[in-house]
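Reader: Before we discuss the labels attached to this model, could you show it to me, so that I can follow each term as we go?

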Amino acid sequence: MKFSNIYSQFITRIILDTIAITLSYAFQYYLRYQSGLVAVTLNPDIIAVIFTGFVMLAYWLLVFFFTGMYKNWHLRSPFEEIFNVWKVSLFGTALIVFFVFYGSPSSPRMLFLLYFLFLSTSLSIGRLISRRIQVRLRENRLVNIPTIIIGSAQKSMDFFLRTTKAINWGY
């Protein structure tokens, strides 16, 4: 069974982003409540931790969706994608900081910086893994990019021969 390149990219990115967001939230929780680095005034119960984790996951997935982070990035540079991941993560974290500081001025700023760095790094690693997964899926012909070749006979044949030799392109 073959899948569309766009759907497989979307699914792998959602899965890897979910893992990165969840790990970042767990890292933030550990630093804030378990590490002893921050004076703890209250320790939330497990229901509140899980609920907040789901809210954060939904928040980040919506931020990434509405900022275009799930578009087809195969045609763009990995550096451009990573730059955009960091830029959107900075924007999203700044919104979180704004709302948290608006409600409680006692939140440690350093934790948000560490959260941003951990989140951005784990998302970037996930995006690079997603690119490798896509190459492997195309090489194994599990994912393809439907293509119509239009042009002169010679140029069309040259392109066709190049694409049949480079199966990792997925055409």
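Reader: Why is Phe-65 called partly exposed?

Author: The model is a predicted one, in which local features need pLDDT of at least 70 and side-chain atom pairs count only at pLDDT 80 or more, while totals for chains, interfaces and linings use all residues. Residues are numbered from 1 along each chain as its sequence is written, and side-chain values use heavy atoms, with hydrogens and water left out. Buried means under 20% relative accessible area, exposed over 50% and partly exposed in between, with a 1.4 Å probe and protein chains only. Phe-65 has 47% relative accessibility, so the residue counts as partly exposed.

Reader: What makes Phe-66 exposed?

Author: Its relative accessibility is 66%, and therefore Phe-66 counts as exposed.

Reader: How do you know that the pair of Phe-65 and Phe-66 is edge-to-face?

Author: Rings of Phe, Tyr and Trp (its six-membered ring) pair if their centres lie within 6.5 Å, and planes under 30 degrees apart count as stacked, over 60 as edge-to-face and the rest as tilted. By this rule the count comes to five aromatic pairs. For Phe-65 and Phe-66 the ring centres are 5.4 Å apart and the planes stand at 75°, so this pair is edge-to-face. Tyr-59, Trp-60 and Phe-64 form one aromatic cluster.

Reader: Why is Asp-17 called buried?

Author: Asp-17 has 1% relative accessibility, and so this residue counts as buried. Asp-17 lies in helix α1, residues 5–34, where helices (H or I, at least four residues) and strands (E, at least two) are DSSP runs, numbered from the N terminus. Leaving aside neighbours within four places in sequence, Asp-17 is in contact with Leu-61, Phe-64, Tyr-70, Leu-123 and Arg-127, contact meaning heavy atoms within 4.5 Å.

Reader: What makes Asn-84 buried?

Author: The relative accessible area of Asn-84 is 13%, so this residue is buried. Asn-84 lies in helix α3, which covers residues 78–103.

Reader: Where is Ile-15 placed, and why is Ile-15 called partly exposed?

Author: Ile-15 has its place in helix α1, and its relative accessible area is 48%, so Ile-15 is partly exposed.
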